[in-house]
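Please keep the sequence and the structure at hand while reading.

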Amino acid sequence: MRKSLIAAVMPLAVLCSHAVGGNLSASVKPVLMGDNARLPKIAIITTGGTIAQKKDETGAAVPAVSGVALISAVPDLLTKANVEIYSLCNEDSSRIKPEVWLRLAKLVDKLVKRKDISGVIVTHGTDTMAEAAFFVDACTSTKKPVVFVGAMRDASDMSPDGPENIMNAMVQAVSPDAKGWGVTVTLNQFVNSAYTVRKTNTNNVETFNSGESGYLGYISTGKVIKYNRPMQDICIGLPEKLEQRVELFMSYAGCDGKAIRRAVDSGVKGLVIEAVGSGNVQENVYKAIKYAKSKGVVVVVTTCVPDGPMIPAYGGPGGGATMAKEGIILSRYLRARKARLLLMLALSNKMPEDQIAKLFQH
Ligand code: ASP
């Protein structure tokens, strides 16, 4: 990137404060790149992840590349759009907290409402990218492309995947064919809906897919090829503050449910229980769920099985059909981590339980 393309809208001290490390700065000022009046404007929000990491002297990847340096490393981006870069944080996504995603969602919401912005790209670590994208999708509503992108190989790798992934995200962000997809996770040429996407491989560049729902599209040679429409678009709006006391537990062979009861006694507001199969839990977990409900805690049951709608079919204490009959919310499609975020957002927005139940029927 030629320096002259960077419009100096922020003092150097502010630039440095965003460069590397975990802290969120109080207000994020953009750095502008590109001044071609014929091109659209795309906002790029950087948050860290492997895409912005390099190996240290021990060989472990650590945050090392500032948002501006990350984007500057792909000068071809400016053949597609002028960009505004917002360096929100530089954090491994395994350490990111939901309040960062709330700040991110608020920024995305503000940017997509601007007439001069055609789309938003978010760079993020892949460990929790599926959750982050879902969180932002649930908080915002826009026809403009909002594209999450990252990398499986760090910036010091002999063959990093970050630059091409960012370029493909840009292709999608400026493409008229990519409108109305909601928030997507776009890596390794494949476009996934935030609602369905999951990380499936710890190490390989081909890690994100949407299981039985399939990809939304494919990006190749500077073009977006459409395969599909998103199966769902949940928008419950942006809360001012987050209800944090939503816990996640799983049911497993011999689980006594005591941890769930302790969480209830400690004042938790919402609980997500990861069941097995089509939503069946151990009897002790079932009893703990009933205890939670008797104390006014909103409980959502999901499953550890990656694919298939969760259709309650079994009776007996802890069977999905038994719990459904008793008004316990069974999440038809969303799995545990995203279900927890949706419950957190619903409780933050003070939704009554019957409305919350409807959110999980999609
Ligand atoms: N640990 C990294 C992160 O989630 C993994 C990645 O970005 O690929 O930040």
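**Overall architecture**

The protein is divided into domain 1 (3-226) and domain 2 (246-359). The model is predicted, and the values below are computed from it. The secondary structure of the protein comes to 10 helices and 18 strands. The radius of gyration is 21 Å, close to the 21 Å that the globule rule gives for 362 residues, so the protein is as compact as a globular protein of that length.

**Dimensions and packing**

- Taken along the principal axes, the box filled by the C-alpha atoms of the protein is roughly 70 × 40 × 40 Å.
- Of the 362 residues in the protein, 46% count as buried.
- Among the contacts in the protein with a separation of 6 or more, 72% are made by residues 24 or more positions apart.

- The C-alpha centres of domain 1 and domain 2 are 33 Å apart, and the contact takes 9 residues from domain 1 and 8 residues from domain 2.
- On the side of domain 1 that touches domain 2, the largest share comes from helix 4 (residues 129-139), which supplies 5 residues.
- By class, that side of domain 1 has 5 nonpolar, 1 polar and 3 charged residues.

**The largest nonpolar core**

- The largest nonpolar core holds 105 residues, and the members that touch the most others are A133, V136, V299 and L343.
- This core draws at least three residues from each of the two domains, domain 1 (3-226) and domain 2 (246-359).
- Once neighbours within four places in sequence are left aside, V136 is in contact with W101, L104, A105, V108, V146 and V183.

**The ligand shell and T126**

- Which residues are found around the ligand? They are G49, T50, D92, S93, S94, G125, T126, D127, G150 and M152.
- By class, the residues of this shell divide into 1 nonpolar, 7 polar and 2 charged.
- T126, one of the residues around the ligand, is found in the loop between strand 7 (117-123) and helix 4.
- T126 counts as buried because it has 25 C-beta neighbours inside 10 Å, where 20 or more are required.
- Not counting residues up to four places away in sequence, T126 touches G49, T50, S93, G150, M152, K199 and T207.
- T126 and R153 are 27 residues apart along the chain, and their C-alpha atoms are separated by 10 Å.

- N188 is not a glycine, yet it has a positive phi of about 50°, and it lies in the loop between strand 9 (183-187) and strand 10 (190-193).
- Is N188 buried, exposed or partly exposed? N188 has 18 C-beta neighbours inside 10 Å, and therefore counts as partly exposed.
- K350 also has a positive phi, of about 55°, although it is not a glycine, and its place is the loop between helix 9 (336-348) and helix 10 (353-359).
- K350 counts as exposed because it has 8 C-beta neighbours inside 10 Å, and a residue with 12 or fewer is placed in that class.

- N284 has its place in helix 7 (residues 283-294), and with 18 C-beta neighbours inside 10 Å it counts as partly exposed.
- Leaving out residues up to four places away in sequence, N284 touches C255, D256 and G257.
- The C-alpha atoms of N284 and P317 are separated by 8.8 Å, while the two residues are 33 residues apart along the chain.
- D56 is found in the loop between strand 4 (53-55) and strand 5 (61-63), and it is exposed, with 11 other C-beta atoms within 10 Å.
- How far apart in space are D56 and I71, which are 15 residues apart in sequence? From C-alpha to C-alpha, D56 and I71 are 21 Å apart.

Conventions:
Residues numbered from 1 in each chain as written. Predicted model: local features only at pLDDT ≥ 70, side-chain atom pairs only at ≥ 80, totals over all residues. Helix = DSSP H or I, 4+ residues; strand = E, 2+ residues; numbered from the N terminus. Rg over C-alpha atoms; globule rule 2.2 N^0.38 Å. Contact = placed C-beta atoms within 7 Å. Near = placed C-beta within 6 Å. Nonpolar A, V, L, I, M, F, W, Y, C, P; charged D, E, K, R; others polar. Core = buried A, V, L, I, M, F, W, Y, C linked by C-beta atoms within 7 Å. Domains from an automatic or database assignment.
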